Amino acid sequence: MAEHSGPDSGKHKANHANANSAALLHGRAGAGTGAGGLSGGLSQPAGWQSLLSFTILFLAWLAGFSSRLFAVIRFESIIHEFDPWFNYRSTHHLASHGFYEFLNWFDERAWYPLGRIVGGTVYPGLMVTAGLIHWILNMLNITVHIRDVCVFLAPVFSGLTAISTFLLTRELWNQGAGLLAACFIAIVPGYISRSVAGSFDNEGIAIFALQFTYYLWVKSVKTGSVFWTICCCLSYFYMVSAWGGYVFIINLIPLHVFVLLLMQRYSRRVYIAYSTFYIVGLILSMQIPFVGFQPIRTSEHMAAAGVFALLQAYAFLQYLRDRLTKQEFQTLFFLGVSLAAGIVFLSVIYLTYTGEWYAKIHIPIIASVSEHQPTTWVSFFFDLHILVCTFPAGLWFCIKNINDERVFVALYAISAVYFAGVMVRLMLTLTPVVCMLSAIAFSNVFEHYLGDDMKRENPPVEDSSDEDDKRNPGNLIVTMLMLMLLMMFAVHCTWVTSNAYSSPSVVLASYNHDGTRNILDDFREAYYWLRQNTDEHARVMSWWDYGYQIAGMANRTTLVDNNTWNNSHIALVGKAMSSNETAAYEIMRSLDVDYVLIIFGGVIGYSGDDINKFLWMVRIAEGEHPKDIRESDYFTPQGEFRVDKAGSPTLLNCLMYKMSYYRFGEMQLDFRTPPGFDRTRNAEIGNKDIKFKHLEEAFTSEHWLVRIYKVKKLDNRETLDHKPRVTNIVPKQKTAVLDL
Amino acid sequence: ASPGSDMISPTMAGLAWRLLLCLGCALAAPDLVLEEAKRTVDLSTHLAKVSAELNLANPPGGAGPAGAFLLALEPGLEPRLAYLGVQVKGEEEEENTLEVRETKVKGKSGKFFTVKLPSPLVPGAKIRVSVEMVFTHVLQPYPTHITQAEKQFVVFEGNHYFYSPYPTKTQTTRVKLASRNIESYTKLGNPSRSEDMLEYGPFKDIPPYSQDTLKVHYENNSPFLTITSMTRVIEVSHWGNIAVEETVDLKHTGAVLKGPFSRYDYQRQPDSGISSVKSFKTILPAAAQDVYYRDEIGNISTSHLLILDDSVEMEIRPRFPLFGGWKTHYIIGYNLPSYEYLYNLGDQYALKMRFVDHVFDEQVTDSLTVKIILPEGAKNIHVDSPYEINRAADELHYTYLDTFGRPVIVAHKNNMVEQHIQDVVVHYTFNKILMLQEPLLVVGAFYILFFTVIIYVRLDFSITKDPAAEARMKVACITEQVLTLVNKRLGLYRHFDEAVNKYKQSRDISTLNSGKKTLETEHKVLTSEIASLQSKLKTEGSDLCDKVSEIQKLDSQVKELVLKSSVEAERLVAGKLKKDTYIENEKLHSNKRQELVTKIDNILDAL
């Protein structure tokens, strides 16, 4: 008898304990099934829930941070790729010279002979953030090198991104979905690709700023409070200071307001939120030197202004409607509408004729960057895995139960999908919204299936642990399936991160058959040679890809770099590379070039070398100098680009070819191939007898990956082979001096 | 005993004034004679290592006993001298290092040293001393610029004779070269040449201060590496670690490379760039751990670490091979356990570390800065160095958890060679209580953090009042209390059930009665408490109040059932009831009770 009454209260407690621990376990699994079970009744809901959320967010942060450390563990704490080197260099400048010096920094090491006003041409948010962290740490006598701050900034910010995604999703749906979204964004490859340790780039902090701005926007639309809107503006200001992608915000928020107006969802809250946001946000954004007056000049900011005007007009009409008769109101309305239409029409015409169509002019340069290519389907799946399949479901849930903020997320999703389709790079803006919507979808599914479980368990009719399983096999299967998907997602994320996104690309590694690793450190070898053994003011010519690295690692003056603002200068370098030696020498003389640096992968089979990029140089050069350089000259009559004997003679005698293959014709890499066999292009080179007249080899790295040539000074004038004519006219003193 | 008192010899015992004079001129030594001088000039590396064996004699009938003798250096060479050591060769084959002090001799240029003898040399006595001198940067590459394919030739200019303030009876000079490929050499006295060796002399009866230029031009491809500057930072922690970091600027000071550097030739032809330096070995202390080798742009991946029994050998390959005139810069650092280097007696500490450590064999350091960072709070710092060092003003260094800074000893020295690898001892006092400062700081920081969080969570900082939210919170608080109370009450029944069970077994009516009593009293208390909470809820205007009253109703039914079952149990024990009927009734009761409890649970969940 006692056995029956006993379990009552005991079971009561046990149920909740189970639910808690189960939810905790899900959180730990990384995929984070989150708090689907939380919505069930808890005896002390507030305490448990916040503890659980805190733990899950903390673990998500930790998981996100650690999965970004592959490169640091495999290689070292090093800045990756190209742009991060510039950011690092500027941050270093900021940390060692102070903020005002940084704002006024004129970098004479870039774009010789033009130089670059760095303070006015960068988004300073990243440098200031890293510099500030470094400053605070050093104030506390925590002597961390600025390099380490830079390397670990993006992983740390990924945790903040997870938290702001959590907040945003919680506003949109519920806490459970928020936790799931935080876990997703922490490990999703689409975001990791831009935020691994060492990838010290604007995007690393910008995604946090983006999500946080959106969260605050949603919050201010929900509450209609000026406080939240001002917070939103500050966050927007941070975003403007960090990344050019702020344009996305300044278009999406007006779009949201506009759609709300169309949907008859206008309210005082929206009016307050948007009016405050537009005015304060506009003023704040104009404080960034690089942005300056763009927000009131350029076409991409006009939508915001238009919506602002529209909103005012709408609010005014609402006001008038209360005061006027219907007849008066109608005439006024039509008058107003026609006037507005006229103004919009005129401004569009004006903008079309005066707007900067940057992309049109510089298409070859933009097109030459791989990350500006359209996205393939594969990369959607590669970067988002299961989320790409589930996020439409989340979108559907949102649209089905629509409210003001869900309109926002729907617009966010649709626009981000469009942009991600246009450019691989913008996959980054799609990733957060995909995480949020997928989290909503998953959370809904779990709530449905796990929640049912709980209800049926609660009536403790009989002590029946095995009966539970019999009753709802469907639920169990669905739950298991979902968990499997999440697990596979976690595995995929780790795999992608480890294999695709964790290479510093400054250091290369190759693996032997026995698994030992060879490090190919040629880039740094050559850059360091430049740094140590050339004149401090030597000018190095290279293709623009390597400009930032040369400035950062070799600390030498470059002609062109990754900040491709001056197309004609780049074209000039392209022209020098694609001309023959004599013509190139003239260009190099006119540009005061001391050294030429090229990347040559023929010895080790590195495919990203300059010969493979060469056609872009030709194209860009042709764009500016169509008389001297013609792309067709570099192809065989059959239209092939070949480096072997069949290659076009123009190619075989151009500077780039000669520098790449100088003395390579003597080199026999193994016994199966003839000497001068290029492993990257699998061809025996066509011109083995390369001699230089105006250049000399200055340095070649161990695996020939980097080759540096010295541009010789002009030879002394040839001595005359006959005696100078002797006259008996004594020259005047002045001319004699001049002759000397 | 002072040197003066040792000098008293039988022949001059009576002459006090002479004794005084001797005391005065003991260092300026009377006229000694070099019976024999055997000099070896080792030029096989980029250093000139001169070692000379001298046979000193105080001629009989000389001026008196000599407590010291003079060593001289040719005028041109003095700035190049890195090391000078004099040892005396005793009969017991043990070697004593003698004290050397720099002096000046009037009317003579060059550099002079007085060497104090272990015991004064009386007239007629002889002593054998060996002198070791190391000169840096005396081998001049000639030609000064060579191409990658060429070999490196250097010129050495020296003196045919052993430069000495004393007349020499007989002397020889042996010059050891790096190779047998000799371009030219001076042929004073028709020197014999074998392999890589030149032998001059013997020269007889050489007057003091004789000079005659010896010049050798020969091939020398040994690594002409020079550490142009080096900073060595030693950071001592009393938590058991000594961190050492060396920042090294390295330069190839041989013949400068002219023309192109061809990687192809360098890889394919073994003697291409023969004078270049590909790698060298650095020997670190045996206990060195966590070694790193890097520069401004990151880790230098081309190095190997070999852990031997008595040392850690590091094969250092600069990022690129060093040709003549090329330079590089790197940082090498490691940790050492402090127990091997740090000694203490109470609050007295002594750190015994090498002033400079091995970088490569035959190393030359043009300029060295050593910084020793002692723990925060170290006082009375005193440095014992084996040779003269230039102390700069002490600095302060701030690092993790420091408040008033760690004292830093800064010392400089120029022109150093391998012989300078010697221990320096730093004495200081340190109050051990200060060790607690850092942990306490951390504890304090966390304390403040948690305290702020507590304050932030507990106190209301909002400037507006939200009555609705407040009411909601109040209700939540009350309902929580109700929940615990109801659960407690349900627990009471279970306790009572146990009492009934016990009673059934022991048939002791007192247990049952006492159980009943406690149930009654506690139940009353709890119920009244719940009732008061219910009324509170009512005042808050919450609809939960009805649910609570429902719970109360259900609960009274449960209680009735419980009491009923206890009565039945009493009857069973008393034999008034059959077992079957009891069990049946009991089942009925418990089912009913179960239902009621479930209902209560559901309501609780809804709360």
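## A walk from chain to chain

Start with both chains in view: 41 residues from chain A and 44 residues from chain B make the contact, where contact means heavy atoms within 4.5 Å. Keep in mind that this is a predicted model, in which local features need pLDDT of at least 70, side-chain atom pairs count only at pLDDT 80 or more, and totals for chains, interfaces and linings use all residues. Residues are numbered from 1 along each chain as its sequence is written, chains are lettered from A and ligands numbered from 1 in the order in which they are written, and side-chain values use heavy atoms, with hydrogens and water left out.

**Stop 1: where the chains meet**

About 4200 Å² is buried between chain A and chain B, and carbon and sulfur atoms give 48% of that. Buried area is the accessible area (1.4 Å probe) that two parts lose on being put together, summed over both.

Now select Glu296(B) and Arg531(A). Their side chains meet in a salt bridge, at 3.6 Å from N to O. The term stands for a side-chain nitrogen of Lys or Arg within 4 Å of a carboxyl oxygen of Asp or Glu. How many salt bridges does the rule find across the interface of chain A and chain B? It finds five. There are also 23 residue pairs in polar contact here, both residues at pLDDT 80 or more. (A polar contact is a pair of N or O atoms within 3.5 Å; within protein, one must be able to donate a hydrogen and the other to accept it, and residues adjacent in sequence count only if both atoms are side-chain atoms.)

The largest share, nine residues, comes from α1(A). Helices (H or I, at least four residues) and strands (E, at least two) are DSSP runs, numbered from the N terminus.

**Stop 2: inside chain A**

Select Asp545(A) and Lys613(A), which form a salt bridge with their closest N and O atoms 2.6 Å apart. Asp545(A) is in the loop between β5 (539-541) and α27 (547-554) of chain A and Lys613(A) is in helix α30 (residues 610-624) of chain A, so the pair ties together parts 68 residues apart in sequence. Over all chains, the count comes to 53 salt bridges by this rule.

Next, highlight residues 540-596 of chain A, which an unreviewed UniProt entry lists as "domain: STT3/PglB/AglB core". This span is 53% helix and 11% strand, and its end C-alpha atoms are 6 Å apart.

**Stop 3: the domains of chain B**

Colour chain B by domain: domain 1 (33-219), domain 2 (225-436) and domain 3 (467-605), with bounds from an automatic or database domain assignment. The C-alpha centres of domain 1 and domain 2 of chain B lie 32 Å apart, and 23 residues of domain 1 are in contact with 26 residues of domain 2.

Zoom in on Lys49(B) and Glu362(B), whose side chains meet in a salt bridge (3.0 Å, N to O).

**Last stop: residues 440-459 of chain B**

Finally, select residues 440-459 of chain B, which carry the UniProt annotation "transmembrane region" from an unreviewed entry. The span is 95% helix and 0% strand, with its end C-alpha atoms 28 Å apart. UniProt positions are given in the numbering used here, feature names are shortened, and annotations may be inferred rather than shown by experiment.
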